[in-house]
Amino acid sequence: MKRRLVAIVSVVALLLCSGCMKWEYGIEEEFAVGGDGVFITNEGNFQYGNASLSYYDPTTMTVENEVFYRANAMKLGDVAQSMVIHDNVGWVIVNNSHVVFAIDLTTFKERGRIVNLTSPRYMHFLSDEKAYITQLWDNRIFIVNPKRYEITGYIECPDMTMETGSTEQMVQYGKYVYVNCWSYQNRILKIDTETDRVVDELVVGIQPTSLVLDKNNKMWTITDGGYENSPYGYEAPTLYCIDAETFTIEKSFRFRLGDEASELQLNRAGDMLYWLNDDVWAMSVDDDRLPVRPFLESRGTIYYGLTVSPANGDVYVADAIDYQQPGKIYRYASDGVLQDEFYAGIIPGAFCWK
Amino acid sequence: MKRLLFLLMVIVALTSCNEGSLITTEMPPEIIIDNTSGVYTTKVDRPITITPQYKYVEDALYQWSVEGYDGYIQSVNEPSFTFTSSEVGSYYVQVKVTTDYGTDREEVRIDVVDLEIPTISMMGTQRDYTIQQGYELMFAPTVKATSIPTTYCWTLNGVMVSEELTYTFCSEELGDYVLAFAAENEDGRDEVVLNIRVCTPDQMPFSWRFDQTTYNYAIGRSIRIMPAEVVNGEGAVYSWVVDGVTMQEGNSSTWICDLAQEGAHRVQAIATVVKDDAQITVTQELVVNVCAPEGTYRRAAHAASSAQWNKVYEYTPAPGQFINETATGGFDGTQTTAEVACLYAEQRMLADNWVSLGGFGGYIVVGFDHSIANNNGYDFAVKGNCFANSSEPGVVWVMQDENGDGLPNDTWYELRGSESGAATTIQDYAITYYRPEAAGMPVQWSDNQGNNGQIEYLAAFHSQDYYYPMWVEADAYTLRGTLLESRCYDKSGNGSYWVLPEYDWGYVDNYSATDCNREGDKANTFDISNAVNYAGQVIALQYVDFVKVQTAVNAQCGWIGENSTEVTGMYDCGINN
């Protein structure tokens with residue numbers, strides 16, 4: 001429900017919403033953070049322009065919230081969807097402000113921005129001068145030049161319209177980038193990065209939410225199955241294992257109807273999968289069946305975001321609480337023992353490790 | 001090399017033998033669970049047997065254990081295991097197989113869920129009906145959704161007449177009928193029995209009912225007094241008697257009251273109708289208080305007055321997906337009285353959070369610490385949560401404290417909006433909502449235009465037990481107001497993309513280009529000069545004390561659900577604090 005609802009609602013509003021963001025300015029604050037911390041993108045409430053960026057240092061166990069606003073004296077915008085780091089620059093994708101900000105990782109100050117995006121979701125770098133940005137409510141993936149902060153082209157996605165378009169997370173295998181198509185979609189697209197064209201597609205279950213590539217070059221995606229009475233259909237969510245070389249499904253694990261699976265993540269070694277399905281779940285990429293016991297049980301929480309520390313395997317899970325107040329992050333060791341907890345911003349949804 | 005391989009094959013062949021599905025060998029045992037998810041589901045008190053496949057289990061010892069279960073374990077040292085529980089929950093079952101050559105373990109989960117016995121919900125608790133011969137009586141029950149097939153059966157006087165969900169009864173024959181509706185599946189059965197009497201027109205019982213018995217207005221004005229409902233009133237004669245003097249007599253059940261003498265007046269509304277050659281008279285006793293002139297109780301703003309609202313007097317939403325909802329609606333389960341519901345609304349708006357009014361007719365009544373003056377231009381603002389293509393308009397009503405008692409018990413005046421007077425706008429629209437029979441069911445409604453429908457239960461998004469307000473004690477309640485034509489539509493054509501366009505002006509939670517602060521607090525602004533009376537005539541109010549916002553559209557917009565106005569707060573535009 002959570003992310004799906006927010007995203008679907010955003011779909012409803014997007015048609016006539018371009019340029020509706022109004023920047024608010026404050027007083028700039030100086031930061032100089034070091035170490036290997038993690039950024040947290042807090043979506044904020046749709047249409048309220050209260051997205052924010054948090055930064056957590058696992059070593060000192062301290063968090064700085066609203067770092068974008070504090071560093072730039074300017075609000076981040078409406079619905080911060082995700083963040084990616086490339087060449088020591090952070091790229092924050094702000095969905096309903098139609099913008100991607102480039103920020104300095106030490107000072108959090110803006111270094112540039114890519115604008116005029118439809119509804120950006122995720123960004124994938126091919127080089128210093130070329131990246132893809134997926135979109136919701138658009139049948140194109142935008143090609144950008146990050147150095148010049150320019151849109152340089154588009155990848156047309158088949159069998160989508162502007163109203164049904166949805167491209168999400170990307171992984172790369174060789175010269176191909178794969179992207180899951182989520183909202184009212186059921187496909188993984190294969191893009192040739194040399195021609196910037198979709199060259200193949202693979203049908204999976206209803207609404208694949210996320211996509212990762214494991215140590216064996218197997219892609220994993222997890223569908224949410226839609227929702228009851230959805231015009232696109234409703235089915236049990238499924239976890240798929242897809243061979244990146246042959247682009248075929250090798251294994252699939254079906255959940256129960258009514259489950260709400262999402263947020264598939266991998267550890268650094270690429271051998272353990274984590275995801276949300278009310279609780280937090282984990283399994284080895286080599287397992288033959290789904291676990292029956294959760295890695296972390298829900299405690300009346302609304303788990304909304306998930307990540308695994310590349311440094312030590314700690315699991316961070318974000319609790320949106322009630323989607324109104326600042327969300328909470330729980331940090332667990334890989335054996336499930338709680339290490340720390342702290343508040344972030346409203347609706348913490350995604351993480352990005354330095 | 002080839003010789004060695006042949007020798008190994010011979011050894012393996014000699015030390016292993018197949019006995020059906022069991023393979024015996026000097027290999028350690030192996031358990032193969034037949035369910036890829038490892039999760040088994042059964043119903044309460046319904047046994048389930050787990051039968052894994054095994055390899056290398058000659059003379060094996062089987063051990064089964066269930067975590068968190070104190071009941072009797074039936075299967076010990078058996079390859080299969082049967083489990084039953086009378087408690088809903090998840091149970092972790094471990095199987096351990098040991099032979100001379102080793103041990104294998106597996107864990108599965110058994111989810112014990114409730115029986116899915118169908119529950120029938122009719123519109124209200126009425127089970128006895130009287131209708132005129134030849135008239136149709138349509139029944140459209142809802143049955144709680146189940147994951148297993150459920151069948152329906154209507155019987156009339158014991159004879160099956162339909163297997164559909166809905167049924168329309170009609171008979172030219174006078175008499176008493178027993179109509180029964182049953183829903184059944186493998187888990188159980190529910191049945192509702194209805195008694196129907198078919199009468200001649202003369203035999204049809206007459207009734208009329210008023211929503212209120214006391215009316216207040218400032219001297220010099222007039223109000224409309226009309227019953228909320230008249231049943232079988234054909235041929236009735238209505239008399240309106242004030243302090244013993246007949247003021248109006250005829251076939252109109254409505255009286256325009258313009259009494260000009262200040263004070264309390266006894267009003268008798270007398271209906272006379274002939275039934276079965278007998279004259280029946282039904283009298284309603286009402287009180288009309290003609291109050292002091294406008295301005296007598298005005299509370300002029302002063303330096304300490306706050307622009308913000310200061311009290312919620314009533315919060316009566318229609319059923320809706322955010323009503324009673326704890327995850328995002330801000331309820332916590334304690335809102336079981338009207339007073340606590342008002343506190344909830346106050347706390348929400350104080351925190352700048354929205355309060356949902358639910359479907360059509362749901363309303364909130366708010367007051368200020370002073371009277372809001374009718375100045376030039378906009379006088380007050382109501383904050384909502386509209387945005388482009390997402391307008392859920394609410395009609396605004398205003399009231400003066402005409403009797404000076406500090407309570408909103410006087411006369412409401414509607415503020416005109418862009419749809420006032422339009423052919424598609426229905427004044428005095430009334431809708432009745434019926435409490436569902438069980439959790440997880442939609443809320444049925446019927447209106448005074450002969451329509452019925454339901455506020456859908458959206459389990460995927462808002463899974464609280466009931467969308468019917470917890471603090472509404474009655475099993476049915478009626479909300480009245482002005483109905484605007486819905487503008488929501490499915491732009492995608494496949495149900496995935498619903499658009500709720502804005503209206504021109506004059507409504508709350510409306511992305512109006514005219515009166516909405518689109519880039520700011522999403523407030524719509526209102527001019528008291530747009531107040532009109534019951535006849536749609538402008539009534540010049542110098543000020544108002546209370547503001548009511550009411551959801552004005554009755555629409556179900558696919559997965560978005562019912563159209564519901566949201567209110568985040570109100571403020572006086574004439575005060576700058």
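This is a predicted model: local features need pLDDT of at least 70, side-chain atom pairs count only at pLDDT 80 or more; totals for chains, interfaces and linings use all residues.
View 1. The buried residues of α2(B) are B:A341, B:C342, B:Y344, B:A345, B:R348 and B:M349. They lie on the same side of the helix, because the arc that they cover around the axis is only 155 degrees. On the other side of α2(B), B:E339 and B:L350 are exposed.

**View 2. The surroundings of helix α2 in chain B.** Which strands do the buried residues of α2(B) pack against? Their partners, which belong to chain B as well, are β29 (311-316), β30 (355-356), β31 (363-373) and β47 (569-572). Just after the helix, the backbone at B:D352 takes a positive phi of about 60 degrees.

**View 3. The domains of chain B.** The domain assignment divides chain B into domain 1 (18-113), domain 2 (120-202), domain 3 (207-291) and domain 4 (311-572). Taken over C-alpha atoms, the centres of domain 1 and domain 3 of chain B are separated by 76 Å.

**View 4. A hairpin in chain A.** Strand β12 (residues 170-173) of chain A and strand β13 (residues 176-181) of chain A run antiparallel and are joined by 4 bridges. One of the residues in these bridges is A:M170, whose partner in β13(A) is A:V179. The two strands, β12(A) and β13(A), form a hairpin with 2 residues between them, and in its turn A:G174 has a positive phi of about 65 degrees.

**View 5. Chain A as a whole.** Along the principal axes, the C-alpha atoms of chain A fill a box of roughly 55 × 45 × 40 Å. How much of chain A is made up of buried residues? They account for 49% of its 354 residues. Among the contacts in chain A between residues at least 6 apart in sequence, 44% join residues that are at least 24 apart.

How values were computed
Residues are numbered from 1 along each chain as its sequence is written. Chains are lettered from A and ligands numbered from 1 in the order in which they are written. Domain bounds come from an automatic or database domain assignment. Two strands pair if DSSP finds at least two bridges between them. A residue is buried if 20 or more other C-beta atoms lie within 10 Å of its own, exposed if 12 or fewer, and partly exposed in between; C-beta atoms are placed from the backbone. The arc is that of the directions from the helix axis to the C-beta atoms. Two residues are in contact if their C-beta atoms, placed from the backbone, lie within 7 Å.
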